[in-house]
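Here's a friendly walk through a protein for anyone meeting it for the first time. Have a look at the sequence and the 3D view, then read on.

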Amino acid sequence: MTDAGPNLTPLIIVTLTLVSFIVAGLRARARSASDYGIGGRYIGRIGGGAAIASNWMSAASLLGMGGLLYLQGYYALAYVIGWTGGYVLLLVLMAGQIRRFGKYTAPDFMGDRYASPSAGLISAGISIIISIIYCTAQFKGIGMLFGWLFGTSYRNGVILGSVVVVGYVIISGVLGVARNQQLQYTVLIVSFILPLMALAYKLGYFWPLPQFGYGVAIQDLKQEFGINFTAPFASGSLFQWISLCFTLMVGTAGLPHVLSRFYVVPNIRDARWSLVWGLFFIALIYWSAPAYAVFARLLEARSGMPLPPAAAGKMADIIVIKTAVMGGLPPWMVGVLAAGAVSAAFFTVAGLLINGAASFSHDIYYRFINPRASESTKMALSKGAVVALAAIVMVIALDPPGLIAEITAVAFALAGNTIFPAFLLGIWWGRANRQGVISGMLAGVVITFSTPLFGHFLPFVAVIFPLTSSAFFGAPAVIAIMVVVSLLTPPPPEEMRRFLAERVHGHMD
C-alpha cells in the first residue's frame with residue numbers, strides 16, 4: 001500500500017513508542033544464553049500473564065483477526081474461539097505438568113522425556129519452521145504498517161521493518177523482552193481500545209463498552225443495507241469452521257514459544273495463574289477486534305463506496321487502521337492505534353526469532369555439534385541465527401502467500417500436528433517411547449503440508465487436511481501413530497516412567 005506521503009503524526013508516535021521499548025530493553029541486555037534465548041526469569045503471576053498476552057498479541061491478533069472478521073463475518077470467530085480455547089486446553093492439560101518436568105525448551109523436553117537426542121533434534125527443526133511461518137505473517141503486518149506510515153511501497157516497508165526488528169532482538173534478551181512485554185501490554189490495551197471507544201462515540205453507539213455497543217451496529221448493517229454480518233458459515237461449511245477452530249486450539253497448546261513461558265515460574269500454582277491472567281488479558285483485546293470489523297463495514301456502507309471483493313481482500317490486513325482513518329479520528333489517535341499494532345508485530349517477531357535462534361544454538365549446535373561450546377560462542381551463534389532467520393522470513397514476506405491470520409494458522413497446524421501430541425502423550429502416557437514420538441512428529445509434518453504436496457493429484461487430501469485446518473484429523477492420526485508404534489516397540493526407561501508418576505503427576509507444589 002502506498003499513500004501520497006508519510007503520515008507524520010502517526011510516524012512520530014510509533015517511533016517514540018519503539019524507542020521507549022528499545023531503551024527499556026537496553027537496561028537488560030543479553031549476557032548469557034539463559035537470558036538471551038532459553039528461559040528468561042520469573043516476573044510474577046500478573047507480570048507473567050502480561051508477558052504471555054503481549055507475546056501472543058501479534059499482528060494476527062490486532063490486524064489479521066479484524067481483517068478476517070471484516071471479510072468473513074461470523075465464520076472468522078473460529079480464530080477468536082480457537083486461540084482463546086487453546087489456552088484453556090493448555091491450562092487444563094499441560095501447564096502445571098510442564099512446569100514440574102522442568103526443561104527449558106520443547107526440544108529439551110523431547111530429548112529428556114523420550115531419551116532420544118533424535119526426537120529433540122526433530123523438535124528443534126519443527127520449532128524453527130514454526131518460527132519462520134509465524135514470523136512471515138508478522139513481517140507482512142509490519143510491511144503494510146511501515147508502508148502506510150512512510151507512504152512507501154509494501155516491499156520497502158518489509159525491508160525497513162526487518163532492520164528495526166532484528167536490531168531490537170540482537171540488543172535485548174528474554175529478560176528485557178519480558179519486562180518490555182508488560183509495558184507493551186499496557187500500550188496494546190490503551191492503543192487498541194481507546195480509538196475503538198472514540199469510533200463508537202462518533203458513530204453514536206455505546207462507547208464506554210464498545211465491545212457490547214457494536215451489537216447495535218450489526219443490526220443497523222442488516223436493517224439499513226441488508227448486510228447480514230452474523231450469518232453463520234456464509235464463508236465456509238460447518239466442517240471447515242470446526243476444523244479450523246480445533247486446529248487453532250491444539251496449535252496454541254503446542255506452540256514452543258508459548259510453552260516455554262511455564263519453565264520460568266517457581267511452582268505449578270504460578271504456572272496456572274500466569275496462564276489465567278494471560279487469558280484474561282488476551283480476551284480484553286479479542287472482544288474488541290469484531291467491533292473494528294463491523295464499524296469498517298458500516299462506514300463503507302454509509303459512504304456509498306463499499307470495496308469490491310478483490311480490493312477488500314488486499315485491504316483486509318490493515319482494515320483496523322483504515323477504519324480509524326475512515327471514522328475521522330484525529331491523526332494522533334490513529335498514531336496511537338498504529339503504535340499498538342506495530343509493537344504487537346514487533347515483539348511477537350522478537351520472541352519467535354529468539355526461540356528459533358535458541359533452537360539452533362542450544363538444541364542443535366550445543367547438543368549435537370559442539371557440546372563444549374562456551375557461552376560466548378552460543379551467544380554469537382544465537383545472534384547469527386536471528387539474522388539468518390529474519391533474512392529468510394523477509395524474503396518470503398516480500399511475496400506473502402495469504403492473509404496474516406491465514407499464514408499464522410499454518411504455523412498452528414504444524415504445532416498441533418507435531419508438538420502438541422508429543423507433549424500430550426509424553427506427559428499423560430508413560431508408555432509413549434522414542435520410536436513413537438519420532439514416527440508421530442514426522443507423520444505430523446507430512447500431514448500438515450499434505451495439501452500442497454499431494455492435493456493436486458489426490459483431491460480428497462485437500463478436503464481432509466486443509467492447509468490451515470489439518471489438525472482436526474491430523475492430531476488424532478498422529479496420536480494414533482504414536483500409540484501403535486510405541487506398543488510395537490520396547491517401552492521407555494523405567495526411570496522416566498517412575499519420574500512421571502512420582503514427580504510430574506504425584507508431586508504437589
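## Starting at S486

Leaving aside neighbours within four places in sequence, S486 is in contact with W429, R431, A432, N433 and G436, where contact means heavy atoms within 4.5 Å. One of these partners comes up again: the side chains of S486 and N433 make a polar contact at 3.1 Å. A polar contact is a pair of N or O atoms within 3.5 Å; within protein, one must be able to donate a hydrogen and the other to accept it, and residues adjacent in sequence count only if both atoms are side-chain atoms. S486 sits in helix α25 (residues 471–488) and is buried, with a relative accessible area of 0%. Buried means under 20% relative accessible area, exposed over 50%, and partly exposed in between (1.4 Å probe, protein chains only).

A word on the ground rules: this is a predicted model, in which local features need pLDDT of at least 70 and side-chain atom pairs count only at pLDDT 80 or more, while totals for chains, interfaces and linings use all residues. Residues are numbered from 1 along each chain as its sequence is written, and side-chain values use heavy atoms, with hydrogens and water left out.

## The overall picture

How many helices and strands are there? The protein has 26 helices and zero strands; helices (H or I, at least four residues) and strands (E, at least two) are DSSP runs, numbered from the N terminus. Of the 509 residues, 59% are buried. If you take the contacts between residues at least 6 apart in sequence, 85% of them join residues at least 24 apart.

## The loop between α7 and α8

A115 lies in the loop between α7 (106–113) and α8 (117–150), and S116 is in that loop too. A115 has a positive phi, near 50°. Most residues other than glycine have a negative phi.

S116 touches M110, G111, R434 and I438, not counting residues up to four places away in sequence. A polar atom of the S116 side chain also lies 3.0 Å from the backbone nitrogen of A119.

## Rings and charges

The structure holds 20 aromatic pairs. In W277 and F280, the ring centres are 6.2 Å apart and the planes are at 85°, so this pair is edge-to-face. Rings of Phe, Tyr and Trp (its six-membered ring) pair if their centres lie within 6.5 Å; planes under 30 degrees apart count as stacked, over 60 as edge-to-face and the rest as tilted. Both residues belong to helix α14 (residues 268–286), three residues apart, about one turn of the helix. Elsewhere, Y79, W83, Y134, Y286 and F412 form one aromatic cluster.

Charges can sit over rings as well (NZ of Lys or CZ of Arg within 6 Å of the ring centre and within 35 degrees of the ring normal):

| Charged residue | Ring | Distance from ring centre |
|---|---|---|
| R113 | Y114 | 4.7 Å |
| K378 | Y366 | 4.2 Å |
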